[in-house]
Amino acid sequence: MSSPPQSFQGSSPAAALARRRSQFTYRNLSQMASYNTSCPLRVVAHVDLDCFYAQAEMVRLGVAEDQPLAVQQWQGLIAVNYPARAFGIGRMCTATEAKKLCPSLIAQHVATWREGDDTWAYRPDAADSIATDKVSLDPYRLESRRILAVIKEHLPAHLQKVEKAGIDEVFLDLSAHVHAVLLERFPELAGPPPDGDPSAQLPIPPISALDWQADALVDLDDEHGEFDDPDWDDVAILVGSEIVRNIRAAIRDKLRYTCAGGIARNKLLSKLGSAHKKPNQQTVIRNRAVRHFLSGFKFTKFRNLGGKLGEQVSQTFNTESVQDLLAVSAEQLKLKLGDDTGVWVYNTMRGIDTSEVNPRTQIKSMLSAKSFRPSISTVEQATRWLRIFVADIFARLVEEGVLENKRRPKTINLHYRHGSQTRSRQSVIPQGRSLDEETLYGLARTLMNQIIQEGQVWPCSNLSLSVGGFEDAISGNMGIDSFLLKGDEAQARALAPRARLEDEVSGPSHPAEKRRRVDDGGIQRFFTKRETPPSLGSSDAVAKDNGGETLGSRGPDAESGTTADLNGSSVPVPDEGSATQANDQETGAGVHLCAQCGARMESPDALQSHQDWHFAKELQEREERGTLVFGNQPSASAASPQPGGRKPGPAASKRPGRPKKTERGQQKLSFG
Ligand code: CTP
Ligand code: CA
Ligand code: CA
């Protein structure tokens, strides 16, 4: 921080005379220190790992950087490194096609849980074992945490705001950090405003040119030229860019991962920035370049406009282009989309996004799931999968410190899909004695029996088990979030979610149990609620027991409902029960398009499997983000995407238990 400002060059006296004051005020400057989201000097970064799962395998296997490698799941590929992409290999290739394109390709299968085994492992025969295996994303989750730890280590402890936005990406609000650097480098900013007036304009920066080093710079808008003197927003973003460059270097040096970065004034722009140049590059979008940068985009590539909302907007206005939508007035947008959404869309097209970078790194729930192709139709089969789910979840609970009683979940939830119907049952996990795997399994069995007793449940096409409502042992009955809430919010939290919970939990349950349920949505619920335009409905519609499959069409800023999609943009997350909803478009040529990512599938079945994969990933990402799932539960998951498949095989006699031998990355990792 104390290094001299080498990136800046002195301004000529003539230029300084020409414009004596900055367009920004002392108030704007101090807003940086308090992370004010409307501050025009705000600096936000998005960091996204290059071909993440593929890099994780490269690091684990110690392969050369130029070795083509892909991560295989059954016969498909879920991540492809850049050397392999050069051969034309992509996620939509099968392993066989990819090998044809590049015979030297390493196609590493993901780790799997297997019936009868007691830990996930990398298995040579995994690709042929879709019936008995379930994908484990634990290795990537653990690497993700190590990366997060490095990022946090490289930011000053008291000046960091880090949001884990997916398994391989974070948002950083660097404003307060940059503010501190500015005051140190430019002492003229540290003094009080003239006459104590915070609306006084700042002096102009004592520099005329900025050294952007290797950053990709987005071209400027028409009315700005590269020779216009920089103002404080440019300087701030440059400092942000230095910070990101250092973080990326640290991740590379310590863990051998490369990543892309985007630096801009908000989340919307920084995310578009990180996707702009890949791999291993960073892109800066200065405020004066925003309009030009955005005008070339389809708005459906924007964060939160990749899904249903984007579709609604493009249908309403018959265009996907930002340029076209810029011509639509705020009034018209409000008229067609409702006030809140209309305003939100209006601002978004102009690069305005005041959503918070929301630090949340604690896991709020965990989920383990599997879709069955073909469906399963006996209690025995379902029970065997429950064993695996429980083993999967319990291993992760151990890592969360459940054995040491550091944290433990309060509720367990089973979701079950039969045809178009989703059923779910939830119960409270008894407190007071240490939680073990058998207890969890017993609870899961009870929930399953409740569902089965209702009849008409076979065949079953998807099962998922989750635990949630994590509590810190120290805080007793209050989740840690309770302590973050103040006054009205805390009160609202105490009242509102309970009512929703009763609405949403379907089917009969023990009355005593119902009374004891405690909400655990935490502070995010309020962010979500506040930011969700009412016109687009509630943030988490839940599939009801009556078979109604409600799509959780989330509003623009319902961040808990967004996740990265294939294109690196964001999409509203479909509700659990709607993973297989008609999300596809059949084209004339018998090609089935995935509406979420545009992938072409040749049969409805292939499309279905592909969509399950999206679904699984979304669940998984929601866990990474510690957000809500199933309406009343904070989310989580490792799920098992599976294109096509066979019937689950014979029962394994030995039940899975806690992992005994560890793979690399299975050991417990702590991070702040
Ligand atoms: N992933 C997935 N399913 C998707 C999208 C992504 O399983 N629909 C996994 C990928 O395997 C990937 C990780 O999640 O490694 C992060 O996804 P993303 O950032 O979108 O892609 P990357 O593979 O990291 O590639 P890029 O370099 O383009 O970021
Ligand atoms: Ca990535
Ligand atoms: Ca990503």
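Here, a contact means heavy atoms within 4.5 Å. The model below is predicted.

Q: What percentage of the residues count as buried?
A: Buried stands for under 20% relative accessible area. The protein has 672 residues. Of these, the part that counts as buried is 60%.

Q: How many residues does the largest nonpolar core have?
A: Nonpolar side chains tend to be buried together in soluble globular proteins. In the largest nonpolar core of this model, Y140, L172, L182, L397 and L440 have the most contacts inside it. Apart from it lies another core of 25 residues, including A289 and V345. The largest one has 104 residues.

Q: Which residues does L172 contact, leaving aside neighbours within four places in sequence?
A: L172 is one of the residues with the most contacts inside the largest core. Setting those sequence neighbours aside, L172 touches V43, V44, A45, V47, I151, L155, K161, V162, I247 and V357.

Q: At what angle do helices α15 and α16 pack?
A: Helix α15 spans residues 379-399 and helix α16 residues 437-453. L397 in α15 and L440 in α16 are among the residues that meet there, and by class the contact has 13 nonpolar, 1 polar and 4 charged residues. The crossing is right-handed. The axes lie 9 Å apart, and the angle is about 140°.

Conventions: Residues are numbered from 1 along each chain as its sequence is written. Chains are lettered from A and ligands numbered from 1 in the order in which they are written. This is a predicted model: local features need pLDDT of at least 70, side-chain atom pairs count only at pLDDT 80 or more; totals for chains, interfaces and linings use all residues. Side-chain values use heavy atoms; hydrogens and water are left out. A nonpolar core is a set of buried Ala, Val, Leu, Ile, Met, Phe, Trp, Tyr and Cys residues joined through side-chain atoms within 4.5 Å. Buried means under 20% relative accessible area, exposed over 50%, partly exposed in between (1.4 Å probe, protein chains only). Axes are lines fitted to C-alpha atoms, for helices over the stretch in contact, and angles run from 0 to 180 degrees between N-to-C directions. Helices (H or I, at least four residues) and strands (E, at least two) are DSSP runs, numbered from the N terminus. A crossing is left-handed if the near helix is turned anticlockwise from the far one by less than a right angle, and right-handed if clockwise. Ala, Val, Leu, Ile, Met, Phe, Trp, Tyr, Cys and Pro count as nonpolar, Asp, Glu, Lys and Arg as charged, and the others, Gly among them, as polar.
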